[in-house]
Amino acid sequence: MSSVLKVDEIQNTGGTSALTIDSSGRVFRGVIPAFMVSYNATWVQLSANDVIPFNVDNAGKFFNHGGHFNTSNYGFTAPVTGLYSFLFNAYTAQSDTFNAFGPFLNGSLVNTGTTYGLYVQSGEDAAADHSVSYTFLLNLSANDVIKMHATSGSDIYGHQSRFGGYLIG
């Protein structure tokens, strides 16, 4: 026996729309915790374990849906327990040949059970500007805080660097 539920919208008891289904069958959720931020600076030298001070969330295509990214402490605080997707892009290697960056969860480099944790590095024989990028998924508990850090002495061009994320579910 099967049942069919025909609704256009699902709301919580306070009347806030949680899900909307349009006539084509597309499902839309309400505000999804999500952010895309940048760093308002040119070249900056970071020491090992320095947080990258991403501080722009409202210019151009940058955003902070739900207000869970803090541009004062440079971290994203998970509003609810769930699976989150993150992206990181750094324009780097102006005056050095090795740079490394990684996410810190509640003050510590994310541990993947390996010696080095979760991070991305760049290196070459001669200094030349380039970008490093990666995406990663994390299961977070409500109130966990994620920040991006340099994991070694590194340089970064803030205007061309990004940090973003969103709740998958």
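Here is a walk through this structure, one region at a time.

What you're looking at is a predicted model, with residues numbered from 1 along each chain as its sequence is written. Local features need pLDDT of at least 70, side-chain atom pairs count only at pLDDT 80 or more, totals for chains, interfaces and linings use all residues, and side-chain values use heavy atoms, with hydrogens and water left out.

Let's begin with confidence. pLDDT is the predictor's confidence in each residue, from 0 to 100. The protein averages 86 on that scale, and 88% of the residues score at least 70. Among the elements, strand 8 (residues 75-77) has the highest mean pLDDT, at 98, while strand 12 (residues 120-123) has the lowest, at 58. Where pLDDT is low, the predicted coordinates should not be read in detail.

Now for the start of the chain. Strands here are DSSP runs (E, at least two residues), numbered from the N terminus. Three of them form an open antiparallel sheet in the order 1-2-3; two strands count as paired if DSSP finds at least two bridges between them. Strand 1 (9-11) and strand 3 (27-29) are the edge strands, each pairing on one side only. Three bridges join strand 1 to strand 2 (residues 17-21), and glutamate 9 has threonine 20 in strand 2 as its bridge partner.

Stay with strand 1 for a moment, as isoleucine 10 sits there. Isoleucine 10 is partly exposed, with a relative accessible area of 38% (buried means under 20%, exposed over 50%, partly exposed in between, with a 1.4 Å probe and protein chains only). Together with Leu5, Val7, Ile21 and Val27, Ile10 forms a nonpolar patch on the surface with about 420 Å² of accessible area. Such a patch takes residues with over 30% relative accessible area and no salt bridge, joining nonpolar side chains within 5 Å.

And the salt bridge? That means a side-chain nitrogen of Lys or Arg within 4 Å of a carboxyl oxygen of Asp or Glu, and the count comes to one. Aspartate 22 makes a salt bridge with arginine 26, their closest N and O atoms being 2.7 Å apart. Aspartate 22 is partly exposed, at 21%.

Finally, have a look at two loops. Tyrosine 74, between strand 7 (69-70) and strand 8, has a positive phi near 70 degrees despite not being glycine; tyrosine 74 is partly exposed, at 23%. Asparagine 143, between strand 13 (130-140) and strand 14 (145-150), has a positive phi too, near 80 degrees. Asparagine 143 is exposed, with a relative accessible area of 59%.

Note on methods: Helix = DSSP H or I, 4+ residues; strand = E, 2+ residues; numbered from the N terminus. Patch = residues over 30% accessible without salt bridge, like charges linked within 9 Å, V, L, I, M, F, W, Y side chains within 5 Å. Areas by Shrake-Rupley, 256 points an atom, 1.4 Å probe, with all protein chains shown as cover.
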